[in-house]
Amino acid sequence: MARKFFVGGNWKCNGTVAEVSKIVKLLNEADVPSEDAVEVVISPPFVFLPQVKAVLRSDFAVAAQNAWVRKGGAYTGEISAEVLINLEIPWVILGHSERRALLKESNEFVADKVAYALSQGLKVIACIGETLEQREAGETLNVVSEQTKAIAEKIKDWSNVVLAYEPVWAIGTGKVATPVQAQEVHADLRSWLATNVSSDVAESVRIIYGGSVNAGNCVELAGQPDVDGFLVGGASLKAEFVDIIRSALVSKS
């Protein structure tokens, strides 16, 4: 089964009205592969979602960077799935390592958020990944499989889920997993899904890589058979993001 390449741009907590307009203008004018070849999703800070959605090219979609774990209400500062649906925001990023680490979001809490977002009609980019200490201890597969297991125990339908493998030690550090390292983890994850969920889900779910992806390393990473795209941080705020989108045309090794 051919899996459509997926490129997400996570702007994190960055941007001004003027900067957002400049980035969107760049993306709107960019010559990139068609929707048949690549799915592109842009995730600005929440306050810029309506601005970006209103003017972004129609073949790109937008995503929120977080959503609350249940129906909205007296949860000051949170954004509910219902609010995102009302704003016609189709995607949300959940479980990013920055939230897991800084806000102490557990595997189970992230899984509950994924399940609730899906139940309300959102599509989810679910993030998983190990720390440097865990990698050096040989715990990478155990960590990412436990993170994935928590999600698998809460959902049945994976058709609106993209798994984003983001080794914590490579996020914003300039370090990047080698293509061999990325492929190894992605292949192990796909094998885990085949054994613990189903072969159909393992074959169809897109597993994308995140962690200091840039124009210089995206082509070789994109050529790996189990790397189905990228979740891009800092480089998504720059012109090189267009080159990363174009890596969708790279032939798989």
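This report covers the pockets and the cysteines of a predicted model.

## Basis

Local features need pLDDT of at least 70 and side-chain atom pairs pLDDT 80 or more, while totals for chains, interfaces and linings use all residues. Numbering starts from 1 along each chain as its sequence is written, and side-chain values use heavy atoms, without hydrogens or water.

## Largest pocket

The largest pocket holds about 360 Å³ of space. A pocket is an open set of points on a 1 Å grid over the protein atoms alone, where a 1.4 Å probe fits, with protein on both sides within 12 Å along at least five of seven lines; lining residues have an atom within 4 Å of a point. Volume is the space filled by probe spheres set on the points, which are joined across faces, edges and corners.

Its lining has 19 residues, with K12, C13, Q65, N66 and R99 nearest the centre. Helix 4 (residues 97-102) gives the most, three residues. Helices are DSSP runs (H or I, at least four residues) numbered from the N terminus. The lining splits into 10 nonpolar, five polar and four charged residues. Nonpolar means Ala, Val, Leu, Ile, Met, Phe, Trp, Tyr, Cys and Pro; charged means Asp, Glu, Lys and Arg; the others, Gly among them, are polar.

## Second largest pocket

This pocket has a volume of about 220 Å³. Of its 19 lining residues, G172, S212, G233, G234 and A235 lie nearest the centre. Six are nonpolar, nine polar and four charged.

## Cysteines

The whole structure has zero disulfides (cysteine sulfur pairs within 2.5 Å). C127 is too far to bond because its closest cysteine sulfur, in C13, is 16 Å away. C127 is buried at 2% relative accessibility (under 20%, with a 1.4 Å probe and protein chains only).

For C218, the closest cysteine sulfur is in C127, 19 Å away and too far for a bond. C218 is buried, at 1% relative accessible area.

Note on methods:
Helix = DSSP H or I, 4+ residues; strand = E, 2+ residues; numbered from the N terminus. Buried < 20%, exposed > 50% of the residue type's maximum accessible area, 1.4 Å probe, protein only.
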